Structure formats: structure tokens, C-alpha cells
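Here is a friendly walk through some charged pairs and backbone angles. Have the sequence and the 3D view open as you read.

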Amino acid sequence: RVLWLFLKKKTNLFSDKIRFLHFAPELFFYKRFKKMQNLEYLSADLRSPRAMEKIDMENIQYPDNSFDAIISSHVLEHVHSDITAMKELFRVQKPGGWSIHLVPIVYSRSTTLEDPAIKTPDKRTLYYGCFDHKRAYGTDYGSRLESAGFRVEIIKAKEFCTRQEILDMG
């Protein structure tokens, strides 16, 4: 819900002609984005039936500078190499474009926890919080994105939402 408000208030997604790549399309967003006449919308996933194309985030089959905007929500914690995926995302984003890559962050951790020896669903749940996660991000998440080329800006909900909107959005 807050992402929707952010997109409406702080981006050009609803006004400009945009080539838009959306990983792991949520039903709410997918339905709306597909109808938007200003978007050249492409949903992507490895398994989702809402994916218009099956795309491996670690090996995106599009040329450099293909998309004006990219969104991925809770995908990077699932991929084998998030740094490889981040570099691919940066590669296909046009200069001057923007992207949003949401992940769960453990704010009590300064560094991301990832250990290839943690393989079983039980151990992944114990260490990463979910059976299919491959890492638990710490507050170094922005630095990881920057290492792939992104310029990171942290924007808090209170910077673009009223107090009432924050309460309404839960």
C-alpha cells in the first residue's frame, strides 16, 4: 500500500511514457499496470503465471539500457547471487531511469548474513527467516546495491505520506 502511494506521489510512472520491468508481479499492481496506456509494461518471473516473460534476474536477456523503471519486491533474497542480479538490473536500467528493489532487512544486523552451507529449509528459516531465502539482509543492503552501480536513496514513508495515510496503510 505504501509502495502504491510512493509510486503515485514520487515517480513519473503515472504520467510519462515508460518502458517498465516488474519482477514477481503482485496481483494488485499487475492488474493496474497492464491497463496503463503510458506504460510499455513487462512482468517477469521464473514461475508466476502473471509473468509475461520468464526471466532469470541473474541473466536478463535484454540489452543494456532497456528499461526506464524497474521494480522488484522481495526477489533478491531468493536468488543464488544477489550481486549478479543487482548488476544485471543496473545494466538493463537506462541512464536517468529509476528502480525500486525491496527486500526484508534485519535492522539489528550491520552486515548481510549468507552462508552457502545453510541449505535446508529448516536452517534457512532459522537463519534467514524463511525456508526459501538465501540470505538475511542487514543494514549494508544499500552498499550492496551501490557495489552494482546503483545510486541509493533511502526514503521513509513519513517523507511522502501524511500521518493519517501511514496509519491507514498499516
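## Terms and model

A salt bridge here is a side-chain nitrogen of Lys or Arg within 4 Å of a carboxyl oxygen of Asp or Glu. This is a predicted model, in which local features need pLDDT of at least 70 and side-chain atom pairs count only at pLDDT 80 or more, while totals for chains, interfaces and linings use all residues. Residues are numbered from 1 along each chain as its sequence is written, and side-chain values use heavy atoms, with hydrogens and water left out.

Helices (H or I, at least four residues) and strands (E, at least two) are DSSP runs, numbered from the N terminus. For accessibility, buried means under 20% relative accessible area, exposed means over 50%, and partly exposed lies in between (1.4 Å probe, protein chains only).

Side chains of opposite charge can pair when their charged atoms come close. The structure holds 9 salt bridges. One of them joins R91 and D64, with an N to O distance of 2.9 Å. This pair links distant parts of the chain, 27 residues apart: R91 sits in helix α3 (residues 82–92), and D64 in the loop between β3 (53–54) and β4 (67–73). R91 is partly exposed at 23% relative accessible area, and D64 is partly exposed at 48%.

K94 and D68 also meet through their side chains, at 3.3 Å from N to O.

Which helix holds the partner of E114? The salt bridge of E114 runs to R144, at 2.7 Å from N to O. R144 belongs to helix α5 (residues 141–147), whereas E114 lies in the loop between β5 and α4 (121–128), 30 residues apart. E114 is partly exposed at 37%, but R144 is buried at 13%. Through shared partners, salt bridges join D82, E114, R135 and R144 into one network.

N65 is not a glycine, yet its phi is positive, at about 60 degrees. N65 is found in the loop between β3 and β4 and is partly exposed at 39% relative accessibility.

H74, another residue other than glycine, has a positive phi near 60 degrees. The loop between β4 and α3 holds H74, which is partly exposed with a relative accessible area of 38%.
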